Amino acid sequence: MMSNLFSIFDPSTNLFNLPLNWISTFIGLMFIPYSFWLIPNRHYIFWNFITNKLHNEFKMLLGINSFNGSTFIFISLFTFILFNNFLGLFPYIFTSTSHLTISLSISLSLWISFMLYGWINNYQHMFIHMIPQGTPSILMPFMVLIETISNIIRPGTLAVRLTANMTAGHLLLTLLSSTSSNLPFIMLFILIFMQILLLILESAVAIIQSYVISILSTLYSSEVN
């Protein structure tokens with residue numbers, strides 16, 4: 001039963017020995033050229049409003065007063081994760097963000113780039129950040145060890161947070177759908193209603209998780225500047 005339950009996260013669809021499930025991760029790139037020629041409508045205006053809000057918030061977190069392209073990478077990260085989270089809510093579509101292969105690749109690459117930039121260009125600031133202000137001298141070695149460990153596990157916590165949240169909701173939907181056979185009409189109606197509520201909750205989780213990952217990545221980037 002458990003193997004069948006977790007098999008919904010198994011990228012097992014193959015054609016000519018190619019895992020076609022992972023192609024859904026990059027479907028969003030097909031819409032990028034189209035967006036440049038899109039006639040403004042309410043959907044375009046709404047998405048433009050969201051990106052402007054994200055740009056202003058990321059700019060504030062990064063401490064940027066004037067226009068700067070540094071926020072675009074985090075807006076792109078938000079868009080990529082949001083698209084794949086929502087795509088996984090559709091039937092028979094593979095959820096790539098429920099795998100550590102994707103989430104850890106994103107978080108680890110960002111973390112390594114932040115660390116390399118910080119230690120190469122702002123190494124004094126990185127050393128100062130290891131010891132909070134006002135720390136007693138006797139506790140300084142322990143604070144360096146604690147800060148080092150907390151810094152190292154950051155990409156893992158980002159990846160596990162995204163993977164666990166996306167996996168949990170899909171497992172609940174799968175468990176509810178597997179119990180729908182041989183049920184009375186009233187119980188079946190209640191079960192469908194619960195699935196609709198859970199789907200709405202999963203949509204909210206998809207938005208929140210993409211926002212949380214992008215915000216935390218922005219905060220990690222601001223610490224190395």
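This is a predicted model: local features need pLDDT of at least 70, side-chain atom pairs count only at pLDDT 80 or more; totals for chains, interfaces and linings use all residues.
Helices here are DSSP runs of H or I with at least four residues, strands are runs of E with at least two, and both are numbered from the N terminus. Glu 202 has its place in helix 9, so let's keep that definition in hand while walking through the rest.

Residues are numbered from 1 along each chain as its sequence is written, and side-chain values use heavy atoms, with hydrogens and water left out.

Now the overall layout. The chain has 9 helices and 2 strands, and along the sequence they follow the pattern α-β-β-α-α-α-α-α-α-α-α. Of the 225 residues in the chain, 32% are buried, where buried means under 20% relative accessible area, exposed means over 50%, and partly exposed is in between (1.4 Å probe, protein chains only). Take the contacts (heavy atoms within 4.5 Å) between residues at least 6 apart in sequence: 73% of them join residues at least 24 apart.

Back to Glu 202. With 4% relative accessibility, Glu 202 counts as buried. Setting aside neighbours within four places in sequence, Glu 202 is in contact with Leu 89, Asn 165, Met 166, Gly 169, His 170 and Leu 173. His 170 is 32 residues away from Glu 202 in sequence, yet the C-alpha to C-alpha distance is 8.3 Å.

Next, the helix packing. The axes of helix 8 (residues 154-178) and helix 9 come within 10 Å and cross at roughly 175°; axes are lines fitted to C-alpha atoms, for helices over the stretch in contact, with angles running from 0 to 180 degrees between N-to-C directions. The residues of their contact divide into 15 nonpolar, 7 polar and 4 charged. Here Ala, Val, Leu, Ile, Met, Phe, Trp, Tyr, Cys and Pro count as nonpolar, Asp, Glu, Lys and Arg as charged, and the others, Gly among them, as polar.

Helix 4 (residues 70-87) also packs on helix 9 (residues 185-223): their axes come within 9 Å and cross at roughly 155°. That makes helix 4 roughly antiparallel to helix 9 as well. Among the residues making the contact are Phe 74, Leu 77 and Phe 78 of helix 4, and Ser 203, Ala 206 and Ile 207 of helix 9. The residues of this contact split into 10 nonpolar, 8 polar and no charged.

Phe 74 leads on to the rings. The structure holds 3 aromatic pairs, meaning rings of Phe, Tyr and Trp (its six-membered ring) whose centres lie within 6.5 Å; planes under 30 degrees apart count as stacked, over 60 as edge-to-face and the rest as tilted. Phe 74 and Phe 114 form a tilted pair, 6.3 Å centre to centre with 40° between the planes. Phe 74 lies in helix 4 and Phe 114 in helix 5 (residues 100-121), so the pair ties together parts that are 40 residues apart in sequence. Both Phe 74 and Phe 114 are buried. Trp 119 and Phe 127 form an edge-to-face pair, 4.9 Å centre to centre with 80° between the planes. Trp 119 is partly exposed at 33% relative accessible area, while Phe 127 is exposed at 53%.

Notes
Angles under 35 degrees count as roughly parallel, over 145 as roughly antiparallel, 65 to 115 as roughly perpendicular and the rest as oblique.
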